[in-house]
Amino acid sequence: MTAHRLSPDGRVAVIGGGPSGIIAAKELAEAGLAPVIYERSRSLGGQWNAGAPHSGVWPGMRAN
C-alpha cells in the first residue's frame, strides 16, 4: 500500500451524509482539510433524516 500526503488545503470527498459521513467530514475539517459531502437526498442525516423515504425513524421513536 502506498501512502499519499494531501496538501493542507486539500479537498476530500465524503460519500454519504448520514451520521458516519457527517462525523468523517467533521474530523477532516478539524485536521485542516476541506471535506465536500455528497448526499443523494435533499438533506443530511441518512437513516436519521425523518423526512426521507429511506429513513428508519418513525413518529414517537425514542433513541438512547
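Visitor: In what order do the elements of the chain run from the N terminus on?

Guide: This is a predicted model, in which local features need pLDDT of at least 70 and side-chain atom pairs count only at pLDDT 80 or more, while totals for chains, interfaces and linings use all residues. Residues are numbered from 1 along each chain as its sequence is written, and side-chain values use heavy atoms, with hydrogens and water left out. From the N terminus on, their order is β-α-β.

Visitor: What radius of gyration does the chain have, beside that of a compact globule of 64 residues?

Guide: The radius of gyration is taken over C-alpha atoms, and the globule rule is 2.2 Å times the number of residues to the power 0.38. Along its principal axes, the C-alpha trace spans about 45 × 25 × 25 Å. For a compact globule of 64 residues the radius would be near 11 Å, but for the chain it is 15 Å.

Visitor: What share of the 64 residues is buried?

Guide: A residue is called buried under 20% relative accessible area, exposed over 50%, and partly exposed in between, with a 1.4 Å probe and protein chains only. Of the 64 residues in the chain, the buried ones make up 22%.

Visitor: Why does Asn 49 count as buried, and at what relative accessibility?

Guide: Asn 49 is found in the segment after strand S2, which covers 34-38. Leaving aside neighbours within four places in sequence, Asn 49 is in contact (heavy atoms within 4.5 Å) with Ser 41, Ser 43, Leu 44 and Ser 55. Asn 49 counts as buried because its relative accessibility is 13%.

Visitor: Which side chain is joined to that of Asn 49 by a polar contact of 3.0 Å?

Guide: A polar contact is a pair of N or O atoms within 3.5 Å; within protein, one must be able to donate a hydrogen and the other to accept it, and residues adjacent in sequence count only if both atoms are side-chain atoms. At 3.0 Å, the partner of the Asn 49 side chain is that of Ser 43.

Visitor: Which backbone nitrogen does the side chain of Ser 55 reach?

Guide: Ser 55 is also placed in the segment after S2, and it counts as buried because its relative accessibility is 17%. Not counting residues up to four places away in sequence, Ser 55 touches Gln 47, Asn 49 and Ala 50. The backbone nitrogen that its side chain reaches, at 3.0 Å, is that of Val 57.

Visitor: Where does the side chain of Glu 39 reach a backbone nitrogen at 2.6 Å?

Guide: Glu 39 lies in the segment after S2 and is partly exposed, with a relative accessible area of 25%. Apart from neighbours within four places in sequence, Glu 39 is in contact with Gly 16, Gly 17, Gly 18 and Leu 44. A polar atom of the Glu 39 side chain lies 3.1 Å from the backbone nitrogen of Ser 41, and at 2.6 Å this side chain reaches the backbone nitrogen of Gly 17.

Visitor: By what distance are the C-alpha atoms of Glu 39 and Ile 15 separated?

Guide: Along the chain, Glu 39 and Ile 15 are 24 residues apart.

Visitor: How far apart in space are Ala 52 and Ser 41, C-alpha to C-alpha?

Guide: Ala 52 has its place in the segment after S2 and counts as buried, at 12% relative accessibility. Ala 52 and Ser 41 are 11 residues apart in sequence, and their C-alpha to C-alpha distance is 7.1 Å.

Note on methods: Helix = DSSP H or I, 4+ residues; strand = E, 2+ residues; numbered from the N terminus.
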